Amino acid sequence: MKASNLFSRILVIALASALFAGCAKESDAEKKAEAAGAEKKMEPQRLKHNDKGETVISLDEEMQKRIGLKIEPLQSANVSPELKAYGRVLDTAPLVDLLMELGRAKIAFDNSHRELERMKILRAQTNASERVFQTAEAAYKQDFAAAMALRTKIQMQWGERISELMGPIVTPVGTQSEPPRELDRLQNGLVRVDLPAGESLPENSGTARLVSLAEKAKPVMGDFFDALPTVDPQTQLRGLLFLAKENSLKPGEAVTAYLQISGETQAGAIVPRSAVIRYEGAAWAYMQTDGTNFTRRLISLERPMENGWLVTTGVTAGENVVTTGAQTVFSDELGASGTGESGD
């Protein structure tokens, strides 16, 4: 009996200990769950929407320092009006071949010209027969026609100014032809820009800002070179040629061109490229509304500038914008909202 009672007591103590341990574990788990739930409940409180429906996220000073947030005031800008058009960087290899072919044709014509002038002198001295003279004259005319045909072909395809690069067809006998000085520049940045339908050649078309589709591409200035004599057979748009001042553009590359036109200047603010967030097919920037609140604002990237984007609506010069850490703030916003998505 004594052994039996002792065994029963040990069993009761073991069961009680197990039950207590289970309750303790359950209590810890409940506390952790409650803490996690409280954290989840607290997280959305950092997000709110203002009366315009814009998302506002709160970041205390400690969090701003932790993510390395940098805030700068937007700079003002006054720019001349521009006409937006589209174009592409031309492959000038076919043009170079045509110009070289025209150069050879000019050499052949110069030889025929020299021979004809010599025959004129000999005929006047009765030292050349009429048949020999006529042969020299026929060669002169044939070589002249061949050179003019090539020049016309270049003019129709590439414009009058380029067709004149090799100089006039007829030159005084003995004149040495020099290679075109602009040929090297043409090979490194000749851009065709098609005017929008219904638009005519701008009066002040001296320069254009050329921007490729590459990510964070900076504008390249281009000088107006010539107006093409024919329209594009597919788009039926009239083309203008611009010569890029830098060699950063590549043949075949698509560009957006901003042509200077007359009119009143536009006022706006420059939003740095590092401040722009791409999301849902749109552009956004975080504007600081007070010390700890940041509003994600929709912006229109109207015109690329050297140091960012010109924006004329939605933001004003002097407002503070997040220039470093904007993507981190955006990720934090999505995490707080529970979407878990990321920007474009």
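**Salt bridges and selected residues in a predicted model**

The side chains of Arg123 and Glu130 meet in a salt bridge, with an N to O distance of 3.4 Å; a salt bridge is taken as a side-chain nitrogen of Lys or Arg within 4 Å of a carboxyl oxygen of Asp or Glu. Arg123 is partly exposed at a relative accessible area of 36%, and Glu130 is partly exposed at 40%. Here buried means under 20% relative accessible area, exposed over 50%, and partly exposed in between (1.4 Å probe, protein chains only). The model is predicted: local features need pLDDT of at least 70, side-chain atom pairs count only at pLDDT 80 or more, and totals for chains, interfaces and linings use all residues. Residues are numbered from 1 along each chain as its sequence is written, and side-chain values use heavy atoms, with hydrogens and water left out.

The secondary structure of the protein comprises seven helices and 17 strands, assigned as DSSP runs numbered from the N terminus (helices H or I, at least four residues; strands E, at least two). Of the 344 residues in the protein, 38% are buried. Contacts are defined by heavy atoms within 4.5 Å; among those between residues at least 6 apart in sequence, 73% join residues at least 24 apart. The protein exposes about 20,400 Å², of which carbon and sulfur atoms supply 53%. Accessible areas come from the Shrake-Rupley method with a 1.4 Å probe, and for residues only the protein chains shown count as cover.

Side chains of opposite charge can pair when their charged atoms come close. A search of the whole structure finds eleven salt bridges. One of them joins Glu82 and Arg209, whose closest N and O atoms are 2.8 Å apart. Glu82 belongs to strand β5 (residues 82-89) and Arg209 to strand β7 (residues 207-212), so this pair ties together parts that are 127 residues apart in sequence. Arg209 counts as buried, at 10% relative accessibility.

Arg296 pairs with Glu333 in a salt bridge, at 2.7 Å between the closest N and O atoms. Because Arg296 lies in strand β14 (residues 293-299) and Glu333 in helix α7 (residues 326-337), the pair ties together parts that are 37 residues apart in sequence. Both Arg296 and Glu333 are buried. A network of salt bridges links Glu54, Arg297 and Glu319.

Lys106, in helix α3 (residues 93-124), is buried yet has no salt bridge. The nearest side chain of opposite charge is that of Asp110, 5.6 Å away; Lys and Arg count as positive and Asp and Glu as negative, while His and the chain ends are not counted. The Lys106 side chain reaches the backbone oxygen of Pro168 at 3.0 Å.

Phe144, Met148 and Val170 make a nonpolar surface patch of about 210 Å². Patches consist of residues with over 30% relative accessible area and no salt bridge, with like charges joined within 9 Å and nonpolar side chains (Val, Leu, Ile, Met, Phe, Trp, Tyr) within 5 Å. Val170 is located in the loop between α5 (160-163) and α6 (183-187) and is partly exposed, at 42% relative accessibility.

Val231 is placed in strand β8 (residues 220-231) and is partly exposed, with a relative accessible area of 41%. Apart from neighbours within four places in sequence, Val231 is in contact with Arg192, Gln236, Leu237 and Arg238. Val231 and Asp194 are 37 residues apart in sequence, and their C-alpha atoms are 8.8 Å apart in space.

Notes. A polar contact is a pair of N or O atoms within 3.5 Å; within protein, one must be able to donate a hydrogen and the other to accept it, and residues adjacent in sequence count only if both atoms are side-chain atoms.
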